[in-house]
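Please go through the model below with this briefing alongside. The points are grouped by topic.

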Amino acid sequence: MENYKTLKADVMVIGGAGAACRAAIEASEKGMNVIMIDKDIPGKSGATPCALWSIQAPMGKDGVSTEDTPEQFFEDMVNGGHYFGDQNIVELVAFTAKERIYDMKKYGVKFAFTDDGKFVQTPMPGQTYPRSCFMIANGTNMSTNLAKEVSRRENIRVLKDHLIFQLLTNKGQVVGGLALDQNEGEMVAIEAASTVIACGGYTGLWSFTDNPPTLIGDAVSLASRAGADLVDLEMNQYYGTDLVWPESARGTVLLYECLHESMANGNIYNKHGEPVFGNPLPIRDEAIKVIYKEIQAGNGGPHGGLYFDLTKCGAGIEKAKEIYGEMTTKQYRFIEEATGFNMVDTPLEVAPASHYQLGGVYINEKCETSMPGLFACGESAGNFLGDNRLAGSALCDTQTTGAKAGETAAAFAKDSSFVGLDKAQLDSMIGDAMRYFENKAGAVKSSDLRQGIREAMTKYVSPYRSEKGLTAAKNEMLNYSDDLKKIQILPIKKRNTGWREALEAEIMLDTAKLIIDSALFRKESRGHHFREDYPETDNKNWRKHTLVRKTDKGFDYSLKDIIYTRMPPKDGE
Amino acid sequence: MAITKVKVFRYYPDVDAAPYYQTYEVEMDENLTVLFILKKIYSEMDQTLAFRENLCYKGGCLQCLMTINGAVAKACSTLIKPGEEVLVEPVFKSPVVRDLVVDFGTTVTTSCGEFTLERGTVVTKK
Ligand SMILES: Cc1cc2nc3c(=O)[nH]c(=O)nc-3n(C[C@H](O)[C@H](O)[C@H](O)COP(=O)(O)OP(=O)(O)OC[C@H]3O[C@@H](n4cnc5c(N)ncnc54)[C@H](O)[C@@H]3O)c2cc1C
Ligand code: FES
């Protein structure tokens with residue numbers, strides 16, 4: 001008898017949030033039999049339910065910014081990403097965003113409208129016209145409604161609580177994936193003509209993050225093992241003002257944007273009670289650096305953060321409560337419930353936390369990766385946002401690239417026949433996954449290993465990096481790789497947390513090492529990669545992607561040209 | 001520092017003849033949510049305890065729903081003071097997979113009928 005179950009689909013989509021649901025819907029629309037597989041619960045898992053209200057799209061006369069156009073959106077994205085994103089993909093995002101918003105509306109996502117029926121659009125930094133459509137009930141509303149649309153379609157089979165921990169390959173292409181069904185404690189091999197990676201980013205590799213800790217680089221690790229190219233893994237976006245303490249609400253976003261003069265009119269204070277910013281407040285990315293430096297200089301509070309002190313804000317306490325209570329209702333309430341503190345009455349400490357990943361799997365404008373049979377979209381994909389991302393673009397990307405990945409994957413499945421699984425590969429992968437049950441001397445706990453990796457990332461792969469810190473991080477990861485072999489888990493079949501932790505630790509270590517080496521490779525500073533030992537931006541030599549490619553000997557790091565279509569950089573820009 | 005007594009529902013349907021309760025004495029020096037207390041128990045005291053821990057930790061995903069002191073609540077948003085006693089049980093209307101992990105079968109009502117996302121399997125039409 002086989003020690004695994006086999007399932008078959010035309011298209012397998014890995015993930016259960018914004019990008020995955022959209023890709024699955026598109027493939028279903030094209031008549032494919034689809035399996036959508038999520039390691040937790042679709043519609044509730046991933047970063048999408050945590051997101052705020054903002055999804056940007058040029059709605060033209062259907063929105064309040066009537067003069068806005070896809071061309072303008074394109075230009076803003078290119079400028080915001082400092083000419084570092086591939087413009088063939090930026091075009092896909094900018095020119096299909098509006099249609100995708102209408103799809104979302106059709107699937108039941110609720111938007112705010114003006115009295116005369118136009119999409120409400122709020123302004124965000126870097127947008128020529130206010131472009132952020134306002135989702136009522138925020139990301140939660142988006143992900144649940146997309147998951148509902150998925151569940152309405154009879155040709156999509158949903159697998160929840162299934163962790164994909166390996167991609168399967170045969171004859172030079174991806175032919176499916178291997179999953180652990182956590183509820184049953186069983187291995188499930190899924191054979192698929194095409195596979196879409198829509199499993200989010202790797203923010204959860206850092207112990208201090210505002211994302212769910214589940215997002216540990218599954219896309220990067222799975223794709224890298226299968227042989228697909230990765231890109232710009234060193235571009236790690238932080239958010240400047242996330243709560244550091246109390247523990248129970250650590251990582252909650254306190255919205256920096258609402259400190260603006262026109263809103264709360266506030267500032268951030270060091271332990272001496274001094275404001276750290278002048279007037280006007282710096283843009284978000286500059287603010288992160290100021291906060292980080294101030295903390296490094298020893299001017300943080302007892303928990304290592306600066307004070308988000310709204311008792312001193314220009315608008316007054318009552319107004320601040322109204323602003324934060326309305327704009328960030330979920331966070332405002334959560335802090336109160338989980339800590340017992342009101343975020344306005346009590347100055348709470350904040351610091352920069354891991355927020356979004358600009359890098360990921362390398363794709364083209366059809367969302368094809370470098371491996372036949374493998375497609376990627378959403379935060380998992382890497383090379384189009386540039387070295388910085390505008391607020392409200394991430395959710396838009398999940399829909400635009402998600403739909404395209406679903407379409408391309410469907411076309412690929414239609415034109416190809418099943419290659420079949422490589423039985424020897426499958427057996428060896430299952431054998432490796434089972435070895436965690438074996439008795440070992442000096443056994444290591446999977447939860448300790450996981451925590452160690454996350455803390456090393458926060459300590460060394462911070463908004464400011466240097467060769468010294470990155471090398472220290474690399475050495476720690478090598479030690480953890482040794483520990484990985486010593487993990488021993490309990491002999492429990494169903495819901496064995498340690499088993500998942502061990503399989504995830506493999507994923508985490510793969511991804512961490514690739515990020516650290518990418519950061520060491522890029523000897524200059526730009527966007528969300530700031531090297532203290534190479535502080536200058538060097539457009540002449542370095543305005544190129546960092547490409548990571550698997551070779552016989554390991555991984556090779558090289559530069560790859562950025563694709564310019566409508567807007568090549570002018571000299572000196 | 002005070003000792004918080006946490007009484008937890010334990011049940012592995014494949015192995016246990018019946019559910020039982022286990023009380024953990026957790027040392028706490030600051031207020032913690034039920035979710036963090038469970039994490040502490042798992043990492044410091046008992047690795048056999050099963051609960052969903054891959055969550056948002058921010059009150060937004062609803063994957064942490066449990067029965068806490070008799071009422072269904074979000075474990076990440078329920079604060080416990082050091083020294084307090086607390087009873088933690090699964091959401092009883094869904095089948096227990098192990099301990100506090102239940103299989104949330106999401107039922108979705110649509111214009112074409114009712115669908116249930118069942119345990120790790122197909123979307124079925126009712
Ligand atoms: C606090 C916060 C606020 C934000 N606000 C905004 C905003 O206002 N506007 C905006 O545009 N963006 C915002 N973002 C960013 C945005 O939410 C994310 O970039 C986006 O939701 C990513 O969507 P995704 O579908 O690519 O990935 P995710 O939503 O992260 O989903 C990944 C999915 O893959 C599954 N998965 C992962 N690995 C595996 C595996 N190995 N096997 C099976 N399944 C797996 C996960 O369970 C999950 O379902 C915010 C992010 C955060 C954290
Ligand atoms: S952990 Fe997400 S709501 Fe509680």
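A:P246 sits in the loop that links β11 and α6 (284-296) of chain A, where helices (H or I, at least four residues) and strands (E, at least two) are DSSP runs numbered from the N terminus. The peptide bond between A:W245 and A:P246 is cis, with omega about 0°. This is a predicted model, in which local features need pLDDT of at least 70, side-chain atom pairs count only at pLDDT 80 or more, and totals for chains, interfaces and linings use all residues. Residues are numbered from 1 along each chain as its sequence is written, while chains are lettered from A and ligands numbered from 1 in the order in which they are written.

**The loop between β11 and α6 of chain A**

- A:N265 belongs to the loop between β11 and α6 of chain A; A:N265 is not a glycine, yet its phi is positive, at about 55°.

**Sheets of chain A**

- Three strands of chain A make an open sheet in the order β11-β13-β12, with antiparallel pairing; two strands pair if DSSP finds at least two bridges between them.
- β11 (236-243) and β12 (306-308) of chain A are the edge strands, and because each has a single partner strand, one side of each lacks a neighbour in the sheet.
- From one strand to the next, the twist averages 55°; axes are lines fitted to C-alpha atoms, for helices over the stretch in contact, and angles run from 0 to 180 degrees between N-to-C directions.
- Six bridges join β11(A) to strand β13 (residues 348-357) of chain A in the antiparallel sense, and A:N236 is opposite A:Q357 in β13(A).
- An open sheet of four strands in chain A has the order β14-β10-β18-β19 and antiparallel pairing.
- β14 (360-361) and β19 (554-560) of chain A lie at the edges with a single partner strand each, so one side of each is left without a neighbour in the sheet.
- Strand β18 (residues 545-551) of chain A pairs with β19(A) in the antiparallel sense over seven bridges; A:T551 has A:G554 in β19(A) as its bridge partner.
- α13(A) lies across β10 (230-231), β18 and β19 of chain A, and runs at about 40° to β19(A).

**Domains of chain A**

- Chain A splits into domain 1 (1-50 + 79-112 + 137-235 + 358-573) and domain 2 (237-352); the bounds come from an automatic or database domain assignment.
- Taken over C-alpha atoms, the centres of domain 1 of chain A and domain 2 of chain A are 31 Å apart.
- Ten residues from domain 1 of chain A and 13 residues from domain 2 of chain A take part in the contact between them; two residues are in contact if their C-beta atoms, placed from the backbone, lie within 7 Å.
- The side of domain 1 of chain A that touches domain 2 of chain A has four nonpolar, four polar and two charged residues; Ala, Val, Leu, Ile, Met, Phe, Trp, Tyr, Cys and Pro count as nonpolar, Asp, Glu, Lys and Arg as charged, and the others, Gly among them, as polar.

**Ligand 1**

- The shell around ligand 1 has 41 residues, the closest being A:G15, A:A17, A:G46, A:G200 and A:G378; a residue is near a molecule if its C-beta atom, placed from the backbone, lies within 6 Å of it.
- At least two shell residues come from each of α1 (18-29), β3 (54-56), β7 (162-170) and α9 (393-415) of chain A, and α9(A) gives the largest share, four residues.
- By class, the shell around ligand 1 holds 19 nonpolar, 16 polar and six charged residues.

**Chain B and confidence**

- β1 (residues 2-10) and β2 (residues 20-28) of chain B pair in the antiparallel sense over nine bridges, with B:K7 opposite B:T23 in β2(B).
- β1(B) runs parallel to strand β7 (residues 85-89) of chain B, joined by four bridges; B:K5 is opposite B:E85 in β7(B).
- Chain B has an average pLDDT of 84, and 83% of its residues score at least 70; pLDDT is the predictor's confidence in each residue, from 0 to 100.
- Over residues 106-126 of chain B, pLDDT stays under 50. Where pLDDT is low, the predicted coordinates should not be read in detail.
- The model has an ipTM of 0.92 and a pTM of 0.95.
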